[in-house]
Amino acid sequence: MCDSKLWLCFHFSVDISEIEQKHSENLHSKALNEVVTVRHPDDRNEGEIETFYNLSQALKKTFKIVHDFKESHIFRYCWERAARNLLGGHDDLTEEEDVDTLNLDDMLEGVYEPCYREFCQLYSRLKSGELLFAEVDILFRDFTNNYEELKRDFRDMCEQYHQDGGEWIDERAQQIQQYHELYLAVDSAKVIDKVKESLCLSGDFTVLRLLLSFRDESQSFQEEKLSCMSPELINAKKLLQSITEPRRRCLEELTLRRDFVNWVRESLQDITELKVFVDLASISAGENDMDVDRVACFHDAVLGYSSLLYELKQESGFEAFMACLNKLWKALESDRSLPPKLCDSARYLEWLKTIKESHGSVELSSISLATTINSKGIYIIRTPVEGQKVSLETVLFLTISESHGGQEELRCYSLEELKELMNKLMLMSGKVEQGAEVEKFSEILAKGLFCPFSVMQRSFHF
């Protein structure tokens, strides 16, 4: 106990000469009634027991609590704050010049009581998660990478509350650790925010905004509570930590090629149109090695970044964005040259625009539709609607599943529409070499026309 009393006085001068004098005496030579009040068995237990030090109950309680928490980092922090306040904010609390000596009662009222009051408040707010990040910065900066020691400090706090089993300790220690590690994810959050702006995404990026406010060290983030370190934020931090330097450069390249990205998304609506455009560009390139390389570079770059360019909707949020990034990482793993290819393709944007203009939007959309029909179209033969004359036009049609705004819809094409598409493709074949997809569409349609004709002959005596 006396060791605790001496520790109490470490930060300022307190007159404990009387206690020290008694502490130095040899109690072995004294009788029991000289050291403590002795009561006979028949006496009523009334009044306080006086001990050798003649301390008040308040001081006894004070010294016990100080003794119990003398190793507590948080208690020491509160004690020093109270001492600074008492001494007018002196920076060096060990400097005793020009500081009046306190008696024990002054110490009790001026230091211990505000110290213990703040200690209890911190305990309550720490347990509930109401502690602010600004306070976490001050209180727990010394525990970075030493979180087992932090848990021990929390368990010491619980000792004064017998009903507290410390169930909150692991969660709070993890939240503080994750908070300390947030800076590791900040650079990635900054890049993702730029990509979000480049792609004009308007979904829920609340978690990202919170991380960015940490980057800015803004007052608003410092005033957030520890409990806001939610599982979602922790998970986001872990995901962003996994973005290595090569991955970050991959994303940064996308933000630097905004004009190119916008042109691709506006001119080529999906992967099918991309492949058709590449086929047409390859035809235009002919045997020119430089142009052939440009087309191949463009194809690899856009296909590699396709998860971000085509799978994200305007209303996509952070969760959908991170899911698309996983596909981008796989593409980057397969082709480490993806960012340079995107850069090179962006340099040839005007050339790509010229290729598209030379073929025209009708040509591109017609071949794209033919390609989609080849891969997903279903030809159906059915009995004509009552009252309709039996003919190829009334028994044959095609269905295809199309995506609109994230919704799958079934689109029907009549024989007349299919013939119109075929005519467009035939006109184009005179202009450029006919591609494999056009040949395939023509072949399948011809078989489709022959099949219902045979069926009609047998079923309707056509």
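Helices (H or I, at least four residues) and strands (E, at least two) are DSSP runs, numbered from the N terminus. This is a predicted model, in which local features need pLDDT of at least 70 and side-chain atom pairs count only at pLDDT 80 or more, while totals for chains, interfaces and linings use all residues. Residues are numbered from 1 along each chain as its sequence is written, and side-chain values use heavy atoms, with hydrogens and water left out.

Let us begin with the open spaces. On a 1 Å grid over the protein atoms alone, a pocket is an open set of points with protein on both sides within 12 Å along at least five of seven lines, a cavity is a set where a 1.4 Å probe fits but cannot get out, and lining residues have an atom within 4 Å of a point. Points are joined across faces, edges and corners, and a volume is the space filled by probe spheres set on them.

The second largest pocket has a volume of about 280 Å³. Its lining has 16 residues, and Asn235, Leu239, Phe318, Glu319 and Met322 are the ones nearest its centre. At least two lining residues come from each of α11 (206-215), α13 (231-241) and α19 (318-334), with α19 giving the most, six residues. By class, this lining holds eight nonpolar, four polar and four charged residues; here Ala, Val, Leu, Ile, Met, Phe, Trp, Tyr, Cys and Pro count as nonpolar, Asp, Glu, Lys and Arg as charged, and the others, Gly among them, as polar.

Around the largest cavity sit Arg294, Cys297, Phe298, Asp344, Ser345, Tyr348, Trp351 and Leu352. Helices α17 (289-304), α20 (338-347) and α21 (349-376) each supply at least two of the lining residues, and the largest share, three residues, belongs to α17. Five of the lining residues are nonpolar, one is polar and two are charged.

Next come two helix pairs. Axes are lines fitted to C-alpha atoms, for helices over the stretch in contact, and angles run from 0 to 180 degrees between N-to-C directions. Contact means heavy atoms within 4.5 Å.

| Helix pair | Axes come within | Crossing angle |
|---|---|---|
| α5 (residues 73-86) and α6 (residues 104-128) | 8 Å | roughly 135 degrees |
| α10 (residues 183-198) and α14 (residues 245-256) | 9 Å | roughly 30 degrees |

How does α10 lie relative to α14? Its angle makes α10 roughly parallel to α14, a label for angles under 35 degrees, with over 145 being roughly antiparallel, 65 to 115 roughly perpendicular and the rest oblique. In this pair, Asp187, Ser188, Val191, Ile192, Lys194, Val195 and Ser198 of α10 meet Arg248, Leu251, Glu252, Leu254 and Thr255 of α14. Their contact has five nonpolar, three polar and four charged residues.
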